Amino acid sequence: MMVIEIDFNSDEALYMQLRNQIILGIASSQFEEGEVLPSVRQLADMIGINMHTVNKAYAVLKQEGFVKVDRRKGAIIALNVDKLRTMEEMQSELQVVLAKGKCKGVTREEIHALVDDIYDRIGRI
């Protein structure tokens, strides 16, 4: 059973929190290729959020290549994003994050340790 935690006090949009939770679930093997996610209505009821919010999260996941949408089955985990595109997206996002850290005096070694720690934690989720 999928565990999704939404922080209603966060500044981050609910649909992005939901998207992120599902991506973390895929990365940690909580969800497998071909697995059907709960329907929009089921997930909205489970979490206590609007159906449009769930729909938006599923639409973003579809656009990013994490799910496909089947009319009968609903949202299905489908990891069809090619690795090169993913690496390019990661590079552009990490560039700013790393620059911010460097401005604040974070060392290369500290960054590597942090990345290793996060990568290992994702594997244990």
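**Strands, helices and a charged pair**

Reader: In β2, which residue is the bridge partner of Lys-68?

Author: This is a predicted model, in which local features need pLDDT of at least 70 and side-chain atom pairs count only at pLDDT 80 or more, while totals for chains, interfaces and linings use all residues. Residues are numbered from 1 along each chain as its sequence is written, and side-chain values use heavy atoms, with hydrogens and water left out. In β2, Val-69 has Ala-75 as its bridge partner. For Lys-68, the bridge partner in β2 is Ile-76.

Reader: How many bridges join β1 to β2?

Author: Strands pair if DSSP finds at least two bridges between them. β1 and β2 form a hairpin with three residues between them. Strand β1 covers residues 67–70 and strand β2 residues 74–77; they run antiparallel, and the number of bridges joining them is four.

Reader: In what order do the elements of the chain run from the N terminus on?

Author: Helices (H or I, at least four residues) and strands (E, at least two) are DSSP runs, numbered from the N terminus. The chain has five helices and two strands. From the N terminus on, the order is α-α-α-β-β-α-α.

Reader: At what angle do α1 and α3 pack?

Author: Axes are lines fitted to C-alpha atoms, for helices over the stretch in contact, and angles run from 0 to 180 degrees between N-to-C directions. Helix α1 (residues 14–27) and helix α3 (residues 51–63) have their axes 8 Å apart, and the packing angle is about 50°.

Reader: Why is α1 described as oblique to α3?

Author: Angles under 35 degrees count as roughly parallel, over 145 as roughly antiparallel, 65 to 115 as roughly perpendicular and the rest as oblique. The angle between α1 and α3 is about 50°. Therefore the description of α1 relative to α3 is oblique.

Reader: Which residue forms a salt bridge with Arg-19?

Author: A salt bridge is a side-chain nitrogen of Lys or Arg within 4 Å of a carboxyl oxygen of Asp or Glu, and a search of the whole structure finds two. For Arg-19, the closest N and O atoms are 2.9 Å apart, and the partner is Glu-64. Arg-19 lies in helix α1 and its partner in the loop between α3 and β1, so the pair ties together parts 45 residues apart in sequence; that partner is Glu-64.
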